[in-house]
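Please keep the sequence and the structure in view while reading.

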Amino acid sequence: MPADNRYAFLVEWLDPQAQLVRQYLLFFYSIDGTVEMDDIKNRRKFLRRCEYPGISFQDLYLGATVSVYSRELVIVDYGDEFTKGQLEQKKEKTLALIKPDAFLKVGKILNAIYKDGFRVGRMRSLHLSRGDAQEFYAEHRGKPFYDELTEFMSSGPIVALELISDGAIQKWRKLIGPTNTFKARDEAPSSLRAQFGTDGTRNACHGSDSPASADRELNFFFNQPGRFPVTARFNNCTLCVIKPHVVKAGVAGAIVDSIVEEGFEVSAAEMFNLTRVNAAEFLEVYKGVLPEYNLMVEEMSNGPCIALEVRSEHAVQAMREVMGPHDPELARVLRPQTIRSKHGLDKVIDRKSTRLNSSH
């Protein structure tokens, strides 16, 4: 738990009417979870200190998007030296890769990541070209394993993740275990490489080895828009969106694993944040149909979602069967093995507990 202090963050909001980026100072009081905001340009109080259960201390790190009364705020910097000193090391970031040999195990690996206390800041599936792999592993050029490694890393889809935690770099390297799978099985049998790796090259996961490497590698995968094609195939497929309350609860991996165990192929995945406008457009089919429409929009724009392309024969109907009834309470009575029965809370959102069904 954080100390009972005030933490300050510089945040930006894109005003959709004026198409201007507006800056604010967002303050979070750890003693009671209250927030307040100052308008920097106009030098005035924008939001007086108040309770806002939609934001927790764990949500606050550089690059995160938080929603405050329908405004999607991007945290771009620390707001004062105290906050920087307290959080710069504690909210460390590292790159994690799920390699081609472990792509089908993404649900189990995600589950392990959440159980170990990591927060996933960004996530996307992609397919490296041979040239991309050679550039990423350029420091190993000339080593005996370089050609085999770059060929393997471009042989199939991978998942890139930004992981956030106290001491994230070493914590992730401990979770994945020694580089060589055989050594991992001897020395760290519960590690991810011991469980899912094959040998010294096909070893399931990658992790940055230093803060400098983490910065470079995260920039490589997440700060070059359009460089990497998506892995989606757009045939024999349907969309599954894991909603914000499930992502925040750390059970997204369990849902992905359930989908795979039902015989589906998860062929693409990406984490993203919807603005309220985006969420309203996405859910427009429910407008005027479901009384919970406005609350559904609020939930969908209340944190990160994970979008999955799910493939199988008759994918749409098959996935709806696995998801279960729209109302999780009804699902628990009629279809207790479905995803909504296991992971949904209620069909109507409660602001204090951000409740809704798990998937759409």
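L163 is located in strand β9, which covers residues 158–165. The model is a predicted one. Is L163 buried or exposed? With a relative accessible area of 0%, it counts as buried, because the cut-off for that class is under 20%. Leaving out residues up to four places away in sequence, L163 touches E92, K93, T94, A96, I113, F118, R119, V120, A168 and W172. The C-alpha atoms of L163 and M123 are 9.0 Å apart, while 40 residues separate the two in sequence.

Q195 belongs to helix α7, residues 192–196. Its relative accessible area is 45%, so Q195 is classed as partly exposed. Apart from neighbours within four places in sequence, Q195 is in contact with P189 and S190. Between the C-alpha atoms of Q195 and R185 the separation is 7.7 Å, and the two residues lie 10 residues apart along the chain.

The two residues are set side by side below.

| Residue | Element | Relative accessible area | C-alpha separation |
|---|---|---|---|
| L163 | strand β9 (residues 158–165) | 0% | 9.0 Å to M123 |
| Q195 | helix α7 (residues 192–196) | 45% | 7.7 Å to R185 |

Helix α13 spans residues 315–323, and its buried residues are A315, M319, V322 and M323. These residues lie on the same side of α13 because they cover an arc of only 100° around the axis. Which elements cover this buried set? Among them are strands β11 (237–242) and β13 (304–311), together with helices α10 (252–261) and α15 (339–343). Just after α13 comes G324, which takes a positive phi of about 90°.

The protein chain as a whole contains 15 helices and 13 strands. Its radius of gyration is 21 Å, which agrees with the value near 21 Å that a compact globule of 360 residues would have. The C-alpha trace spans about 60 × 55 × 35 Å along its principal axes. Of the 360 residues, 51% are buried. Among contacts with a separation of 6 or more, 64% are between residues 24 or more positions apart.

The chain has 47 positive and 48 negative charges, whose mean positions are 2 Å apart.

Note on methods. Residues numbered from 1 in each chain as written. Predicted model: local features only at pLDDT ≥ 70, side-chain atom pairs only at ≥ 80, totals over all residues. Heavy atoms only, no water. Helix = DSSP H or I, 4+ residues; strand = E, 2+ residues; numbered from the N terminus. Rg over C-alpha atoms; globule rule 2.2 N^0.38 Å. Buried < 20%, exposed > 50% of the residue type's maximum accessible area, 1.4 Å probe, protein only. Contact = heavy atoms within 4.5 Å. Lys, Arg positive; Asp, Glu negative; His and termini not counted. Charge placed at Lys NZ, Arg CZ, Asp CG, Glu CD. Arc of directions from axis to C-beta.
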